[in-house]
Every structure is written in structure tokens, then in C-alpha cells.
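Here's a quick tour of a two-part model, from overall build down to a few individual residues. Have the sequence and the structure open while you read.

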Amino acid sequence: MSAADKLLDVQHVTVEFHIGGLVGGSLLVAVNDVSFSLDMDQPEIFTLAGESGSGKTTLSRLLLRDLEPTRGKVLFEGRDLATVRNRSEFKEFMKKVQPVFQNPFETFSPLRRVDAYLFDTALNFEMAPDHQTAARVVEEALRNVGLSLEEVSNRYPHELSGGQIQRVSVARALISQPKLILADEPVSMVDASLRMEIVNLFRKLRDEQRVSVIYITHDLATAYYISDRIGIMLRGFIIESGPVEDVLDRPLHPYTQLLKESVPEPAPKERESWAKHISLGTTEVKEYSRAGCKFAGRCPHVMEICRVVDPPDVQVERRTVKCYLYTEHAEPAAAGIQP
Amino acid sequence: MALLSVENLSAYYRTEIYGISRTVRAVDGVSFELKPNEIYGVAGESSCGKTTLIKVISGNLKPPLKVNSGSVSYHFGIHAVDMLHISQEELRRDLRWKEISYVMQGSMSVLNPVRKIIRTFEDIVDTHEGIPDKKRFFEQVREHVNRLGLPSEVLTSYPHQLSGGMRQRVAIALATVFHPRLIIADEPTTALDVVVQRGVLQMIKDIQAMSNNTVLLVTHDMAVHANVADRVMIMYAGRIAEEAPTEIIFNAPLHPYTQHLIHSLPMIGERSNKVSLRGAPPNLANPPTGCRFHERCPYVMDICRTEVPELVTVQDGHRVACHLVKENPL
């Protein structure tokens, strides 16, 4: 697959933040040598999952060009985002990549009617020459999320339910007919009885509107439900990625295994094994500054080399794992921990 | 004997601004009991009255919240307490921390950011019991903290030096320093990562098993209840929809709302199509007549629109408020 066939191509991207004062301070590598790509013709839902502080949100800011990588490149439709400089080019880019944020009640100002945002977006992106034509564009976007202009016009955010307003937020993202939607924890603030309608919506967008979705979440259960592929992040690295059934049904990386095991299953049958004791890190920063594999301090299969050198990416069937257990010389050990 | 009996409790928020009065019926006709030595889960969506219920039973009544009717009574051994008629002074002196303690979502707001953890322990113990012997006190706190599986170093750390999960566990250690008979945990793991959440919940379970006290665990996360609670109450729009032992809530739920909650949960390893309920949770300033769930219920009947369903016992320990169940008993 050449670069031209890729909608999004993230190549060895690293983001470093300097924390601390003028003298001293330390370097925090929020995203560390991350690569992945999305196919141009085959829309898909790609999940980036990980715990807080794993670099998910920094990565999403990179993809929205809100942040520039310290090293590496992000190509969108074959073009390096670093070369998108002037306003009109940036507008073209924004038209194609749209975000959906976590808390819909923060996305919209409580003092402004929600339909105003939809019209603004339509006019700003020149999807319509005037307000009247814009109404058609807005109506169309709302229909795609199962709402109508009648239901939302002249309504303030507090007059809509959490599920409805999050759908308006998705509709707003759809107005410019994007190719990629970046959804950062879009359901974590939505009530349980309304959550699945938002999740199902992303599936529908992929199938009917042919929009690719990058779904950023810490919730592995919804990730399993909607995504095609998944990348598990730990302290800036994608440590395991591949088709979601492979990664979550039979996780290979010890961290993915721990993560999957820790998700409480909504059934009382696994209570005993779930209550088995686990070790937790005491402080936050230690793992970032650790040399070698970031999981070495908690890993049950840790080896000498893990603490010294970053593990390489190893291809195991359809997925990539960043772990020494699966490198060639460690084959027997790997076989031993297959779940 | 029950540790806590709540009978027919109604607590409303009453506000009057510019002569327009508004009543939000956050808790309406709720009755239940907490037994000694159990983990009792309360589940429900946002604004279903979970937090209001906790406020009332922990004696935290401040305007505009008012109790309209009902009773809340505790039995600590031979000592009975009427929570709705106790003075603030007695509450503070005899009950808070000692008999009833509270673990909340943001542990950062419990810990003083400019003092080491051990000083926070000192503050709390000093106000409630006094510290005659400092050395012995430090020893006791260290023992307490170690027994709960935390390293002694946390005591000499400042809150910002600890990870979120460790802070939440310190908050739990603080809440259990007097071995209270009731621990109220309000969304104790909501802001935490899954691995950390597991560690914190394990700690709550361990403490309960060690001291045989009662834990009231409030969270919207059904998966947490499945793994931690002994009994679960499902609230909807200020009322109890269903209450049963955890196994029954998950394996044989009777209320349509509970059934939906359970069946709509996505699970790893299973991808069948899940759907949401139509509509949204009602506004409690103007709740629907009859059963408050009727507008969203797939099995709605005429009676549901006019008559409030009673909470009936269908089996030992299994109570449901639904006309369907009343009409076709098991």
C-alpha cells in the first residue's frame, strides 16, 4: 500500500513536553514513536485505548493539528500536516477531519441555542451560501444522527438530554462532510440508558456515510463492540495493535492482559477471580521516566533486557506487539504465557 | 436487626425565586434496610436521586433539600439514632467518622494539599478522640495503613505526590480509621482507570470482610455492582425500581428498566447488537404521572400511566415496583 492509498498515515511520531522551570526540569515523552495508518477506501473504526496519562489525548491533538510532533510525520491524504500553513489550507483540512468531544454540555455554550452552532459551521465551511440553503445542509446532517431541525431549533443545551446533545455534536461534525471523525471519549458523560445510541451512531456513519472514525476511550467494552482495529496505549507507546477480536479476545502483551482482566464483567459469575490481588503503582511519574519497557515494573514476566532497552515491535499474525516475549529468541517463553 | 431502616422517605429540593416556587422530587417514597455485614449497592443514572438519598441518610440536610416525610433510623448495637431529629452537634461528636464515614469521588478534595498525609490523620483523630500519646498514635496509624495494604511511605508524602488510585485508597484508610459500622462510598472509583479501580474496590471488599461492617456502594456502573455488591437497589427517577441479591438482579431481573440496563451493557467477547431506550430520564421537577418509567417502557399498559406501582416482594429479598409483575405473579 503506497502513501497515496492512505487516508491518514502516522509515521514514527514523538511528542515531548518539557516540565519544570528554566533550569533543570524533566522531559516527558507523551507520545513515543507511534505509527499507524487508516485506509483511504475502506472506512473503519480505529480505537485508541489506554488509561489516563497514556498519551491518547496528546495523540488526538496531533491529529487535529493542534500540536506539532517533536519528531515524525503525520500525513493526511498523502500530505504532511506540517506543510499545512495558511488559513485556507487549514480550513480545507478541518473540513475533512472533525472532532467530537467528551462532554457535550461543555462543547456548547449554555447561553447559545444549539442550532446556531450548526448554522455557523455550515456557513464557515462554505457548505451553503446563505442561511436558507444552510438549513438544508443542517437538516441533512441532523437526519443522519436521527434528529430533525424542528427538534433542536431554538433549543438551549439544557433543554436536550445528554444523548440528544451528543448527537447534535456529532451532527455538527458531519456538516462539512468529513472523511475522518476524531471522537475523544464521546460516551463517557452520557447516561447508561442512552449510551448505546451514540455508539451505534458511529457504526452507522462508517457503513452509510463511509466516514472513518478514530475512537479514543478507556472503555474496552464499547471499544470491542464498535471497532474494527484497536491500538492499546501505555505511557506514550502503542504496545499492542491489530484487529479488535484478536487483541481483546487473546491479548498477547502482559499489559493488555492485565487491562482486559481488570475490566469488571457485568455478570456476577467471575467475582472470585476479579477480586484476586493486583499491584498498583504508588506514584504517577515513575513509569514515564523508566528506561526500557514502561510496564517492566509491574510485569509478571519481566526479563533483564526489559529494564534496559525499549522492546521492538514484533509482528504476530495479524497484530503488532511491543514485547520481548514474542521476539524470536524468546519464542518458548512466549508460548508459555499464551492465554 | 437492621443497621439502618429507611421508611417511606421523601426528600425534595424546594426553591423559590422571584415568587416562582419549584419542587424537585429527588427521592420519593423510598423504603429499604441495610443489614450488618453486607455490601449494598445502589445503581441508577445521573439525577435519579442516588446522591440525595445519601445526603439524607448521612444527616447532611441543607436547604433547599428538605425531608417531606418518612424516617431514617440507625441501630448501632443497643444504641438507636433517629437521623432526621438529631442535632448537628451530636451528629458531629458521636456519629461522623466513628459510626458512619463517607468516601467520595474526588479524594483530592478530602486531603489537605499542603499537609503530609499523616497530619491529616492527626487532624481527624485529634478532633474526635484526642491524641494522648503521639508516638503510639503514629504506630497505630502505620499499622492501620499497612493492614490495608498501603506502604508506610504514603504517610510522609503530600497528596500531589501520590497517584490517583493511591490517593483514593488513602481516603478510604482515613474513613476507616475509627472502624465505623457504616461506610458510604459515593462513586468511589468513577474517575479512576480500570486497573486502579480494581485495586480500590478490592480494598473496600477486604475492609468489609475484615471488620464485618456495612458498605453502601453507590455507582452508576453495573459491572462494579456485579463484582462487589451482595445486594443491589436500582433507582429510577427518585424511586426504587427493583431490589434483589446481586445474582438475581443480573440473572433474573423483573423490572423492564433493570432488564434494559443489564442487557444493554457491552461485553468483551460478545458483539450482539445493543440498543438504547427511547426518550430520556424524566425531569424530577415535573415527573410523569403513574409509573415514572412508563414513557420509555416497551411494555407500557394503561394502568402504568395513571397509577404508581407499589414496591412488592415477589420472593424473599426481591422487591419490584412494576404493574406487569403485580398482574402476573411468579
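In chain B, 63% of the contacts with a separation of 6 or more come from residues 24 or more positions apart, where contact means heavy atoms within 4.5 Å. Chain A gives 64% for contacts between residues at least 6 apart in sequence that join residues at least 24 apart.

Some ground rules: this is a predicted model, with local features needing pLDDT of at least 70 and side-chain atom pairs counting only at pLDDT 80 or more, while totals for chains, interfaces and linings use all residues. Residues are numbered from 1 along each chain as its sequence is written, chains are lettered from A and ligands numbered from 1 in the order in which they are written, and side-chain values use heavy atoms, leaving out hydrogens and water.

**The two chains**

| Property | Chain A | Chain B |
|---|---|---|
| Secondary structure | chain A: 14 helices, 12 strands | chain B: 11 helices, 12 strands |
| C-alpha span along principal axes | chain A: roughly 70 × 50 × 45 Å | chain B: about 70 × 55 × 45 Å |
| Buried residues | chain A: 55% of 339 residues | chain B: 54% of 330 residues |
| Accessible surface | chain A: about 15,100 Å² | chain B: about 14,600 Å² |

Helices (H or I, at least four residues) and strands (E, at least two) are DSSP runs, numbered from the N terminus. Buried means under 20% relative accessible area, exposed over 50%, and partly exposed in between (1.4 Å probe, protein chains only). The areas come from the Shrake-Rupley method with a 1.4 Å probe, and for residues only the protein chains shown count as cover.

Carbon and sulfur atoms supply 50% of the surface in chain A, and 50% in chain B.

**A strand on the inside of chain B**

Why is strand β9 (residues 231–236) of chain B described as largely enclosed by the rest of the structure? Six of its six residues are buried, so the strand counts as largely enclosed. In a regular strand the side chains alternate between the two faces of the sheet. Here B:R231, B:M233 and B:M235 point one way, B:V232, B:I234 and B:Y236 point the other, and all are buried.

β9(B) runs parallel to strand β3 (residues 39–43) of chain B, with four bridges joining them; strands pair if DSSP finds at least two bridges between them. In that pairing, B:A43 sits opposite B:I234. Strand β10 (residues 239–245) of chain B runs antiparallel to β9(B), joined by six bridges, and B:M235 has B:I240 as its bridge partner there. The hairpin of β9(B) and β10(B) has two residues between the strands, and B:A237 takes a positive phi near 50° in it.

**A buried glutamine**

B:Q208 belongs to helix α6 (residues 194–211) of chain B. Its relative accessibility is 8%, so B:Q208 counts as buried. Beyond its neighbours within four places in sequence, B:Q208 is in contact with B:N37, B:E38, B:I39, B:N213 and B:V215.

A:V309 lies in the loop between α13 (286–289) and β11 (313–316) of chain A. With 43% relative accessibility, A:V309 counts as partly exposed. Together with A:I305 and A:V308, A:V309 makes a nonpolar surface patch of about 240 Å². Patches are made of residues with over 30% relative accessible area and no salt bridge, joining like charges within 9 Å and nonpolar side chains (Val, Leu, Ile, Met, Phe, Trp, Tyr) within 5 Å; a salt bridge is a side-chain nitrogen of Lys or Arg within 4 Å of a carboxyl oxygen of Asp or Glu.
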